[in-house]
Amino acid sequence: MVVVGVTVLVAGLFGMIMVAYANTPLPSGTQQEATEQGSIIYYRDGKTEIARLGTKREIVPISKIPRPVQDAFIAVENRTFRTDPGISVSGIMRAVWSTVSGEQVQGGSTITQEMARGYYDGLSQERTLKRKIMEIFVSIRAGQELSKDEIMAIYLNTIYFGRGANGIQAAAQAYFDKDVDKLTPAEGAYLAGRIQSPDAFDKAEAAKNFAPTRERFDYAIRGMAIVDPAKYGELAKTAKFPKLARLDKKETLKGINGYMVDIVQRELEQRGISREQLRKEGYRVTTTFDKKLMQAAKKTVESNLAAVNDKNIHANLGAVDPRNGQVLAFYSGHDYLKSFTNNAFDANKQAASAFKPYVLAAWLERGFSLRSYVSGDGPVSLPGTKPIRNSHDVGAAVQIDRATAESVNTAFATMAQEVGLEAVAKIAEGAGIDKKDLELAIEDHAYGMSIGAGLVTPVEQATGYGIFANGGVHHDAHVVLSVKAYTGKTVMKEAAASKTVISPDTAADTTYAMQQVVKSGTARGTALPGGRPIAGKTGTNNENKEAWFVGYTPQLSTAVGMYKEVPQIDPKTKKVRKDPNGFVLKKEVSLGNIQGAGTPTKIWRDFMAISMDGKPVEEFPAPAFGGEQHDLVQKPEPKPTEDPSESPGDDFGQDPDCDRDPAACGGPETGGDDPFGGGDDETPDDGGGSDGTTTIDDGGQPSTGG
């Protein structure tokens, strides 16, 4: 009677199945977990990976999965897959019997059923008869509406393999460090065998126990011979248990990679792609970063810091293509996992004299000439500002191009007074300097802003000098070239915002003035191989707290900034102070004998030599020497002409620019990184001379007194 009753029940159930099936469409939705796949961030070549984020899955088409690999899964999971209707009648009968007899529901699933259970929305992993019947409905429908290749592709891209790998491509990388289309039959058999219990197999192999996975490997190989004797009959004799790749313990964010990922995520968030989307939706992000230049930035900064031999001294670098705003390289630190601050983008430090080119640009835009004479005498007292003086004597009047070369504080402060701080700020903001930082510099330091009291970052400065390298046109700094879906469809293009900030003539004349900095001024002697034209500006803050060199060729603008931070010590307990999260609190102190013309300039030169290697030599536009001569002080009387036969001579006469504008050559005649012994003058922070005046020295020690 029991047998008869069960038979009637089974017949009734199948009758219900046939009726219900007719009214069960294939689900339109998919389970989020089944389609989630991590995004890949690439260097600018679109091929070299920086990092993979999120779910370890990369969906691949069936054409990339070798047939022997597919057959291995068929041999292990469902040997009638190619011919069955999507379900196993005998398996279902076993499941129904175990259910009505009170036993736990058992297997009997086909590959199609496994695919349906793990892929379609509305089906769960709960072990109930109701879920099993719904799974049957969907599987039969899928077997009719989808091809076997489509079912196999979904299945292999969905299942979990262990080692955190979801999908066959991620598994191929995790276990064999290769793409799926390169898998051998033996490797396919290994992967097919381990999906039975991936976590348990991971634990066993971690304990050096390979017996469970070897057993499953052998089972897969034997099954393949049963599925297709002609093709795999001899496989058992030749297939060896494959050698596994080392367990991937690489940290995605380790080293400089974390800094790149961080700034990419920030830019994508600003443009509408959240971090959560980036982890789940399988984007392919191509960045602006050049791998060679990123490595060059790391090498040149770290080798020069090693020579300094002070772990508390930091150097940061930003390199931007002035023609489009692409950040090609930067250096923010040795290891993101040890220091999360992305200094090239976030370390706001006083610009010091490296801010002065924006003052010069405002002067030229006002219609005044580079040949004008301005104050070389100090100190000068300007409204709301501590008295500003110079670190070395250049006389009562100095021509502006020489004032740029020698970084004369009083010259730029009085030029800013003449054109107005608002005009200077407008150009600096147009060049990419943060508006709030500029407003704060004016509020706190008034005309001290003109000699670098405001805060900037290396990337801001590299971008800002781009207007001088690029004929007055500014491009916003950015790090993303494109974002594509894993299907190849473009979902985000490169940001291409640009605007004209200054005229081409102003850009050319400012560049000419900054060429004098490296020819005869504070960075005299700085050169790149092959005589490539360069222009730039040094900067050193009061007490040598910040030191800069920012310079460019027509193809690349690079900024290097240095500073020193030491742990804060509680004066009472004498212990290091920490924030609530346990991070050490630090304070900025003097760099000692490092000035802008020293280590920062050397880092810049080393990096640019690598960056420009093999690039065509491009010339800067000729200076326009435009505008009217507008002297703020009386032009000095010319000195009597010397008899050439009695003159000891100087280096400046060898410069062809001297014939065009001799005043540009009137600099000091000592070479090296410290030509003045007092150097470049900059920002009025709370320091200053003993008489209350402010001096900032680019090339040498801070000055005191008047």
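These questions and answers walk through some features of a predicted model.

Reader: Hello! What kind of model is this, and how are its residues numbered?

Author: Welcome! This is a predicted model, in which local features need pLDDT of at least 70, side-chain atom pairs count only at pLDDT 80 or more, and totals for chains, interfaces and linings use all residues. Side-chain values use heavy atoms, with hydrogens and water left out, and residues are numbered from 1 along each chain as its sequence is written.

Reader: Let us start with salt bridges; how many does the count come to?

Author: A salt bridge here is a side-chain nitrogen of Lys or Arg within 4 Å of a carboxyl oxygen of Asp or Glu. By this rule, the count comes to 25 salt bridges.

Reader: How far apart along helix 3 are D71 and R67, in helical turns?

Author: Helices (H or I, at least four residues) and strands (E, at least two) are DSSP runs, numbered from the N terminus. The side chains of D71 and R67 meet in a salt bridge of 3.4 Å, N to O. D71 counts as buried at 6% relative accessibility, whereas R67 is partly exposed at 42%. Because D71 and R67 are four residues apart in helix 3 (residues 67-77), their separation is about one helical turn.

Reader: On helix 10, which exposed residues sit on the face turned away from the buried side?

Author: The buried residues of helix 10 (residues 198-206) are P198, F201, D202, A204 and E205. They cover an arc of only 165° around the axis, so they lie on the same side of helix 10; the arc is that of the directions from the helix axis to the C-beta atoms. The face turned away from this buried side carries the exposed residues K203 and A206.

Reader: Which helix gives the largest share of the negative patch?

Author: Patches are made of residues with over 30% relative accessible area and no salt bridge, with like charges joined within 9 Å and nonpolar side chains (Val, Leu, Ile, Met, Phe, Trp, Tyr) within 5 Å. E429, D434, E439, E443 and D444 gather in a patch of negative charge on the surface. One of them, E439, is partly exposed, with a relative accessible area of 44%. The largest share, three residues, comes from helix 22 (residues 435-445).

Reader: How much accessible area do L337, F340 and F583 have together?

Author: F583 is found in the loop between strand 18 (557-567) and strand 19 (586-589). With a relative accessible area of 48%, F583 is partly exposed. L337, F340 and F583 form a nonpolar patch on the surface, and their accessible area together is about 290 Å².

Reader: How far apart in space are L632 and V374?

Author: L632 has its place in the loop between helix 26 (599-612) and helix 27 (656-660), and counts as partly exposed at 29% relative accessibility. In sequence, L632 and V374 are 258 residues apart. In space, C-alpha to C-alpha, the distance is 4.9 Å.

Reader: F625 is not a glycine; what is its phi?

Author: F625 is in the loop between helix 26 and helix 27. At 13% relative accessibility, F625 counts as buried. Although F625 is not a glycine, its phi is positive, at about 45°.

Methods: Accessible areas come from the Shrake-Rupley method with a 1.4 Å probe; for residues, only the protein chains shown count as cover. Lys and Arg count as positive and Asp and Glu as negative; His and the chain ends are not counted. The place of a charge is taken as NZ of Lys, CZ of Arg, CG of Asp or CD of Glu. Buried means under 20% relative accessible area, exposed over 50%, partly exposed in between (1.4 Å probe, protein chains only).
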